[in-house]
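Thanks for asking me to look over this model with you.

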Amino acid sequence: MASLGHAAVGLFLGRAARPGVTLRERAWPMLGFATLALAPDLDAIGFMLGVPYAAEWGHRGAAHSLLLALVVGALVGLAARSWRMGLLAIVALGSHGLLDALTDGGLGVALYWPFDLTRHFFSWRPIPVAPIGAGFLSWRGLRCALFELVAFAPAWLAALWPKPTRPA
């Protein structure tokens, strides 16, 4: 994915964390959940360190697993002293691997790591996989970004829509 969809999901969850407040008041939770939703892709740093794509800790490996989402999300909830924040963090982190399993390329996602090292895709794969690194700055990368802007427009709009005003 081009990460625009991941960011949209995180921003939307940030709004859910602080319902009924202005965009300015929910900006920090939105930024935090968008960061969590994007965090599994930090495993791409492994490319620079010589970690093979197909390795257990390679891209779309353990960092994209549902177990890691559960553990890190629970830690966020404990740190925030809020079960609601913990659940939203689990959804933000877990959504990343699930969305990547809907893409049309790559090696799949290690959703069930460490119990199963198999990389998985869903049978329906409508999201075009984005080129990694500088390859993103190409027509193919632009096409992926535009697809995600359109496909995730409802999440972007719901996240960024101003707080409705109440009649006086």
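1. A word on naming before we start: helices here are DSSP runs of at least four residues, numbered from the N terminus. Please also keep in mind that this is a predicted model. With that naming, Arg 60 sits in the loop between helix H3 (45-48) and H4.

2. Let's stay with Arg 60 for a moment. Its phi is near 65°, a positive value in a residue other than glycine. Is Arg 60 buried or exposed? Arg 60 is buried, since its relative accessible area is 2% and the cut-off for buried is under 20%.

3. Arg 81 counts as exposed, at 81% relative accessibility. Most residues other than glycine have a negative phi, and most peptide bonds are trans.

4. Trp 113 and Pro 114 are joined by a cis peptide bond, with omega about 5°. Pro 114 lies in the loop between H5 and H6.

5. The loop between H5 and helix H6 (139-151) also holds Ala 130. Ala 130 is buried, with a relative accessible area of 10%. Setting aside neighbours within four places in sequence, Ala 130 is in contact with Met 1, Ala 2, Phe 136, Arg 140 and Cys 144. From Ala 130 to Asp 104 the C-alpha to C-alpha distance is 9.4 Å, and the two are 26 residues apart in sequence.

6. Now to helix H2 (residues 27-38). Its 12 residues reach 16 Å from the first C-alpha to the last, close to the 16 Å expected at 1.5 Å a residue. Which residues of H2 are buried? They are Pro 29, Met 30, Phe 33, Ala 34, Leu 36 and Ala 37. Seen down the axis of H2, these buried residues fall within an arc of 160°, so they line one face of the helix. They pack against helix H1 (4-17), H4, helix H5 (83-100) and helix H7 (153-160).

7. Ala 69, Gly 73 and Gly 77 are buried in H4. These residues cover an arc of only 65° around the axis, which puts them on the same side of H4. Leu 75, Leu 78 and Ala 79, on the other side of H4, are exposed. The partner against which the buried residues of H4 pack is H5.

8. The largest pocket has a volume of about 320 Å³. It is lined by 17 residues, and the closest to its centre are Met 1, Asp 41, His 59, Pro 131 and Ile 132. By class, the lining of the largest pocket divides into nine nonpolar, four polar and four charged residues.

9. The second largest pocket holds about 160 Å³ of space. Among the residues that line this pocket are Leu 36, Trp 57, Ala 69 and Leu 93. Helix H4 (residues 66-80) gives the largest share of this lining, three residues. How does the lining of the second largest pocket divide by class? There are 10 nonpolar residues, one polar and one charged.

Methods: Residues numbered from 1 in each chain as written. Predicted model: local features only at pLDDT ≥ 70, side-chain atom pairs only at ≥ 80, totals over all residues. Heavy atoms only, no water. 1 Å grid on protein atoms, 1.4 Å probe; cavity = no way out; pocket = protein on both sides within 12 Å on 5 of 7 lines; lining within 4 Å. Points joined across faces, edges and corners; volume = space filled by probe spheres on them. Nonpolar A, V, L, I, M, F, W, Y, C, P; charged D, E, K, R; others polar. Helix = DSSP H or I, 4+ residues; strand = E, 2+ residues; numbered from the N terminus. Expected span 1.5 Å × (residues − 1). Buried < 20%, exposed > 50% of the residue type's maximum accessible area, 1.4 Å probe, protein only. Arc of directions from axis to C-beta. Contact = heavy atoms within 4.5 Å.
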